[in-house]
Amino acid sequence: MRFGVFLSVICLLVLWDTATGQFPSFGRCPDYAPVSDFDKERFLGMWYEQERYFTLTELGSKCTSMYFERRADQKLYANNGIVNRFTNVQRIVSGQMTLFGRGTTGKFNVRYTNTPIAYDTTFNVLDTDYDGFAVLYSCSSIIPFGHTDFVWLMTRDRLPAGEVLQRAYGTLDKYKISRTFFVETDQKDCDTVAAPQEAYDPTEPSQRSEAVEAEQPQPEEALRKDEEPAKAAPAEEIKEEKNATE
């Protein structure tokens, strides 16, 4: 009985990791070393997702991207952009980046907080040339018998050249990462529409005052002035202009 409950819990954990974007495997997390002499400043900017392991959370999505930035408070942030392929509405999931150690290796953690439940993801930059491609890897242990993997193949260009992808594939081969379960990210027709605006709440004083100001009518004098037709010139002025022309 206890073994059955234990097995059920393990299966639920595996299903959860698969649903949230990771691929389950047996054994411990592989010892993949991130790039050394990591230049975090060159790594900042926009990256477009080209291929990844299958995940239910990105089902029905397209045009996925990651934008790394240093904000005014000098802290680093990661912004994941995902576009709904049916509505073309983009949602952004953001979190603060924390580099491991002294920040000299390509390993960092991102704590995403603008989601219903905050969560952390640790990334290892297995390889990057900063200008063309980057291969990101994440792994979580499933005690006591396995782990879950996730791999992202990112590029600087939304539609990269074939040689850029080949260099990234070389990194996957180097670490013996199988592409069998990779799925391609659709990066075509990526025009997005604005997300729906927050609804107006008439019971909220601040929103009510803003709405009243926005709807304030023009002063009556200004309205009358706009509506008054142009007055005809007096007859004497017309006569003087006629004599002047003769």
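A salt bridge here is a side-chain nitrogen of Lys or Arg within 4 Å of a carboxyl oxygen of Asp or Glu. A search of the whole structure finds eight of them.

The model is predicted: local features need pLDDT of at least 70, side-chain atom pairs count only at pLDDT 80 or more, and totals for chains, interfaces and linings use all residues. Residues are numbered from 1 along each chain as its sequence is written, and side-chain values use heavy atoms, with hydrogens and water left out.

Start with the whole protein in cartoon view. There are six helices and 10 strands, taken as DSSP runs (helices H or I, at least four residues; strands E, at least two) and numbered from the N terminus. Of the 246 residues, 35% count as buried, meaning under 20% relative accessible area; exposed is over 50% and partly exposed in between (1.4 Å probe, protein chains only).

Next, select Arg-42 and Asp-131. Their side chains form a salt bridge at 3.3 Å, N to O. Arg-42 sits in helix H2 (residues 40–43) and Asp-131 in the loop between strand S7 (119–128) and strand S8 (133–142), so the pair ties together parts 89 residues apart in sequence. Arg-42 is partly exposed at 40% relative accessible area, while Asp-131 is exposed at 60%.

Then select Arg-167 and Asp-129, a salt bridge of 3.0 Å, N to O. Asp-129 lies in the loop between S7 and S8 and Arg-167 in helix H3 (residues 162–174), so this pair ties together parts 38 residues apart in sequence. Arg-167 is partly exposed at 39%, as is Asp-129 at 24%.

Last, select Arg-71 and Glu-69: the closest N and O atoms of this salt bridge are 2.9 Å apart. Arg-71 is partly exposed, with a relative accessible area of 32%.
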